[in-house]
Amino acid sequence: MTLAVVFALVAAFSNAVNLLTQHAASIRAPKQEKGWRLGLYLARQPMWLVGGAAAVGSYVFQALALHNGPMSVVQPVLITELIFVLVLRRVWIRQDVARAAWTAVFIVCASLAVFLAAAEPSGGNPAPATAEWLSAVLVFGGAIALLAAVGRRGNPVRRAAGFAAAAALTWAMEATFLKAATDTLASFGIPGMLIRWPVYALVGAVLTGTLLQQAALHVGPLSVSQPILVITDPFASIILSVWLFDERFTNSPVKIAIAIAAFAVMAFGVTVLTRTAPQDLDPAPAPGTSSPAPGTSPAPGTSPTPGTSPTPGTSPTPGTSPAPGTSSPPPGP
């Protein structure tokens, strides 16, 4: 269990590094670089490559976490990606972070710890029966299709919510496929993994989750899609952990009630955190300086203070989540 938590935390940190480095490299690209030219430009940028390596590391560590512990532990812990992103913003980019955001960090950390301690997740069957796989895929696949259909029509808030919920369910399924593929790799090696279905289901889930998440970010406000992405993924993953892998929780009604309350508080903290964290990559202004007032420009012969021009907002990554980012799903989660 401890090893799984450590691997999950490293995966969350890696996804946070991926989010910030690749986003920073992307927004610094020359405006004339678009389409495939932008891809070629980014592939030559060290910072973007560091982000790519971090994304690969995130998947590897999530796989190790899922192989060494219950999915009902690993997926909720991946929520800490949001916290690592906030810390990196403050320590690396030197951004000012609102006090409300730090308060939300404390709420998320405390409620996550209470949830795991009270729920006492344990057990698990690494090889679900075929009937269980089919039932889970049919139910979740139908729900994903329905939510995606909801996201195709309506106002921006409704569309963003529909696509985000569909993406979150996909990232939860992606985590189950990642766990199954990792267990297959451990049992049969690479040749055995390549002749079995979980690895191909994993690829399909990653592609589908990415498309749905990008749709959610494109059609509506980030303040709607990001909390849904980050909260729904671990919730759905807990359901799947019981459904497929026969994971169990405490038998104490009191502890179950505490765990449910802690998860609800964690969801509240995540929502506050996503809405109070910085929405761009602007560094904090130097002491004694301030940005020009809206609608004004610097005096003739002068230039704006470095670091005060606005940059495009960030977006989360899978799994969640994007970052919540994540991201990239996490790996799903």
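Colleague: Which residues have the most contacts inside the largest nonpolar core?

Modeller: In this predicted model, the largest nonpolar core is made up of 43 residues. Those with the most contacts inside this core are Val74, Phe163, Leu212 and Leu240.

Colleague: Which helix gives the most to this core?

Modeller: At least two residues of the core come from each of helix 1 (2-27), helix 3 (46-68), helix 4 (71-77), helix 7 (130-150), helix 8, helix 9 and helix 10 (222-245). The one that gives the most, with 13 residues, is helix 8.

Colleague: Are helix 8 and helix 9 roughly parallel or roughly antiparallel to each other?

Modeller: Two packed helices are described by the angle between their axes and by the distance between those axes. For helix 8 (residues 156-194) and helix 9 (residues 198-219), the axes lie 7 Å apart and the packing angle is about 160°. Angles over 145 degrees count as roughly antiparallel, and therefore the relation of helix 8 to helix 9 is roughly antiparallel.

Colleague: How many residues of the contact of helix 8 with helix 9 are nonpolar?

Modeller: Helix 8 passes helix 9 in a left-handed crossing. The residues of this contact include six that are polar and two that are charged, while the nonpolar ones number 24.

Colleague: What share of the residues of the protein chain counts as buried?

Modeller: The protein chain holds 11 helices and two strands, which run from the N terminus in the order α-α-α-α-α-α-β-α-α-α-α-β-α. Its accessible surface comes to about 15500 Å², with 69% of that belonging to carbon and sulfur atoms. A residue is buried when its relative accessible area is under 20%, and of the 333 residues in the chain the share that counts as buried is 47%.

Colleague: Is Arg94, with its positive phi, buried or exposed?

Modeller: Most residues other than glycine have a negative phi. Arg94, although not a glycine, has a positive phi of about 65°, and its place is in the loop between helix 5 (81-91) and helix 6 (99-119). Its relative accessible area is 54%, and because the cut-off for this class is over 50%, Arg94 counts as exposed.

Colleague: Where is the place of Asp246, and what is its relative accessibility?

Modeller: Asp246 is a residue other than glycine with a positive phi, near 55°. The place of Asp246 is in the loop between helix 10 and strand 2 (247-248). There Asp246 counts as partly exposed, at a relative accessibility of 37%.

Conventions:
Residues are numbered from 1 along each chain as its sequence is written. This is a predicted model: local features need pLDDT of at least 70, side-chain atom pairs count only at pLDDT 80 or more; totals for chains, interfaces and linings use all residues. Side-chain values use heavy atoms; hydrogens and water are left out. Axes are lines fitted to C-alpha atoms, for helices over the stretch in contact, and angles run from 0 to 180 degrees between N-to-C directions. Helices (H or I, at least four residues) and strands (E, at least two) are DSSP runs, numbered from the N terminus. Angles under 35 degrees count as roughly parallel, over 145 as roughly antiparallel, 65 to 115 as roughly perpendicular and the rest as oblique. A crossing is left-handed if the near helix is turned anticlockwise from the far one by less than a right angle, and right-handed if clockwise. Ala, Val, Leu, Ile, Met, Phe, Trp, Tyr, Cys and Pro count as nonpolar, Asp, Glu, Lys and Arg as charged, and the others, Gly among them, as polar. Buried means under 20% relative accessible area, exposed over 50%, partly exposed in between (1.4 Å probe, protein chains only). Accessible areas come from the Shrake-Rupley method with a 1.4 Å probe; for residues, only the protein chains shown count as cover. A nonpolar core is a set of buried Ala, Val, Leu, Ile, Met, Phe, Trp, Tyr and Cys residues joined through side-chain atoms within 4.5 Å.
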